[in-house]
Amino acid sequence: MPIATKGAVKNLTAGELKEIGAEIILGNTYHLWLRPGDGLIKRAGGLRKFMNWDGPILTDSGGFQIFSLGAKAKSKYGKSGVKITEEGVEFSDPLNGEKYFMPPEKSMDIQLNLGSDIVMVLDECPPYPCSRDYAKKSMERTTRWAVRCKKYLEAHTDSKNRPLLFAIVQGSVYEDLRKESAKQLTKIGFDGYAIGGVAVGEPREKMSEILGWVLPLLPEDKPRYLMGLGKPEEVVKAVEAGIDMFDCVIPTREGRHGRLFLRKSKLQIQNIKFQTKAETQISKSKIKIKEEFFYETINIGNEKYKEDFLPIDKNCDCYTCRNYSRAYLRHLFNVGEPLAARLASIHNLKFYLDLMKELRCG
RNA sequence: GGGUGGAUGGCAGAGUGGCCUAAUGCACCUGACUGUAAAUCAGGCGUCUUCGGACUUCGGCGGUUCAAAUCCGUCUCCACCCA
C-alpha cells in the first residue's frame, strides 16, 4: 500500500497511482482528524471522493503516532507529547501544541467519517527496548482497545456497510506475549490481522523470529498485514513467512530524498539472501552479498550520474524510466525541481508494486 | 588627471596583532531514511598522512614584531566620487 498519510501520496495524483498499479492506499486517522478534520471529509463525500481515489483505502488508527510523536517529542523537548491511559491517548499537536484526546471509539468514529474500507484498531507500539512487564500491560491494553473498537463499530454500523476491521498483534520481542496477543485477537475475531511494532520499535533482526511465532496462530483465510515494512528483502522474507499486506514510506520518502531502487534479477525465492546485521558487518564481502541481491539502490544525486543518459532502470517500464535519463533526474534533484520527487516516487512505487506482483504471481 | 574606499577559501561574507585552516550562508561531495512532525536529517568540503600528525593559505612583493589575514611601504587590480 502506498502511503497517503494526509490524503495524498506525496507528489502523485490518484491517476498516476492507478497507472503505477496501486490497488489500495493507506491514510492516517490522526493526521486527517487534525487537518482538515474528519467532519469536513465526511461532508466532502468521504476520503475516496475527496482525494479522487476510486480504489479501497485502509486507514491507520493513530496508534503509530503514540509511538512516533511521543518518541520524537521526547528526544527534542525532553518530554513526550503523548499520554496513554486505559481510556485512550492524549496527543499534543506538534505544530501548535493543542491537545487532543483519542479513545479507541474516537478513532473508529473518525475512520467511519473518512469512509475507510479497512479500519485499524487503536493500538500502542511500545517503545524499544521495553520491559516484559510494560510490554505485557501494553499488549493487554491494546487487546482491550481492540474489543472496544469492534463493539463500537458493530453498534454504529450495520453489517451491510460496515468496513473491515483489522486487529493488531503486539507484545514487543517477547514470544509468549506475541503468541498470547495473536491467540486472544483470533479468538475475538477480526476481518484481518496486523503485526505491529516490528517496523519501528523493535530491532529488524527480530522480524523473522516474531513472524515465526505469530503467523502460525493467525487464521490463514484472513489477510495478514505487516505494518510499516519494509526494505525489499524484508518484504520478500515476510511473504515467505505468510504475510499478505504491507505499507511502507520507503519508496516515496527515499524517492524524494534521491534514492532509487533498481531491479537486478528476477526473484528466486529459495536463493534470496536476507541481509542480517552480521552480514552487513562483513564489510569486505559486503559487495559480494549485495551482488547476490535481486535489487540495488542508487543515490541519483551522486556525481557519477551527471552525464549518465541511460534510464534509471532499463528493464523498468514506469513512466519515469520510459521517458527520462539518470542525468536529467539528477539535474532535477540538484536544482530542487519538484518534478524530481514526483518522478522518483513513481519509479520507486512501481518497483515495489512490481515486486509484490511477482511475489503474488511468480 | 584628482580623491576616497576596497581586494579573505568555488561564490557571498565575518574577522583589524597571538585562541585563524580562518565564523556564517550558499554551492559542492557522501551517507541515512521502515504503520510520514521527513521535498528531511547527518557528515565532509586547502594538500599530504603510517590518522599521531605534517605542511601550505587571506591580491603580489618587501618590511615591523617573539608572533601578521590583521600594522607599515610599494605595486597590481576593482568600485564610487570630482574634473
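Begin the tour at Asn-52, which sits in the loop between α4 (47-50) and β2 (57-60). Helices (H or I, at least four residues) and strands (E, at least two) are DSSP runs, numbered from the N terminus. The model on the screen is predicted, so that local features need pLDDT of at least 70 and side-chain atom pairs count only at pLDDT 80 or more, while totals for chains, interfaces and linings use all residues. Residues are numbered from 1 along each chain as its sequence is written, chains are lettered from A and ligands numbered from 1 in the order in which they are written, and side-chain values use heavy atoms, with hydrogens and water left out.

**Stop 1**

Keep Asn-52 selected. Its phi is positive, about 65 degrees, although the residue is not a glycine. Is Asn-52 buried or exposed? Asn-52 is exposed, with a relative accessible area of 61%. Here buried means under 20% relative accessible area, exposed over 50%, and partly exposed in between (1.4 Å probe, protein chains only).

Select Asn-11 next, in the segment before α1 (14-20). Asn-11 also has a positive phi, near 80 degrees, and is a residue other than glycine. Asn-11 is partly exposed, with a relative accessible area of 35%.

Two peptide bonds deserve a visit. The bond from Arg-35 to Pro-36 is cis, with omega near 5 degrees, and Pro-36 belongs to the loop between α2 (29-34) and α3 (38-43). The bond from Leu-229 to Gly-230 is likewise cis, with omega near 0 degrees; Gly-230 is in the loop between β9 (224-226) and α10.

**Stop 2: the strands**

Display the strands as a cartoon. In what order do the strands of the open sheet of 7 strands stand? The order is β1-β2-β6-β7-β8-β9-β10, with parallel pairing. β1 and β10 stand at the edges, each with a single partner strand, so one side of each has no neighbour in the sheet. Two strands pair if DSSP finds at least two bridges between them. Strands of a sheet pair through backbone hydrogen bonds, either parallel or antiparallel.

Within this sheet, select β7 (residues 164-169) and β8 (residues 192-195), which are joined in the parallel sense by 4 bridges. Ile-168 stands opposite Ala-194 in β8.

Then select β11 (residues 259-263). Because 4 of its 5 residues are buried, β11 is largely enclosed by the rest of the structure. Strand β12 (residues 295-299) runs antiparallel to β11, and 5 bridges join the two. Phe-261 has Thr-297 in β12 as its bridge partner.

**Stop 3: helix α6**

Select residues 104-114, which form helix α6. Its buried residues are Pro-104, Ser-107, Met-108, Ile-110, Gln-111, Asn-113 and Leu-114. Just after α6, Gly-115 has a positive phi of about 80 degrees.

**Stop 4**

Select RNA strand B and the 45 residues around it; Cys-125, Arg-204, Val-249, Thr-252 and Arg-259 come nearest. A residue is near a molecule or strand if one of its heavy atoms lies within 4 Å of it. Of the atoms of RNA strand B within 4 Å of the protein, sugar and phosphate account for 50%.

Which helix gives the most to this surface? α5 does, with 7 residues. β1 (25-28), α5 (63-77) and α11 (250-256) each supply at least two residues. The surface divides into 16 nonpolar, 14 polar and 15 charged residues. Ala, Val, Leu, Ile, Met, Phe, Trp, Tyr, Cys and Pro count as nonpolar, Asp, Glu, Lys and Arg as charged, and the others, Gly among them, as polar.

Now look for these atom pairs:

- A backbone N or O atom of Gly-228 is 3.0 Å from a sugar or linking oxygen of RNA strand B.
- An N or O atom in the side chain of Asp-247 lies 3.0 Å from a sugar or linking oxygen of RNA strand B.
- An N or O atom in the side chain of Asn-299 lies 2.9 Å from a phosphate oxygen of RNA strand B.

Definitions and conventions. A polar contact is a pair of N or O atoms within 3.5 Å; within protein, one must be able to donate a hydrogen and the other to accept it, and residues adjacent in sequence count only if both atoms are side-chain atoms.
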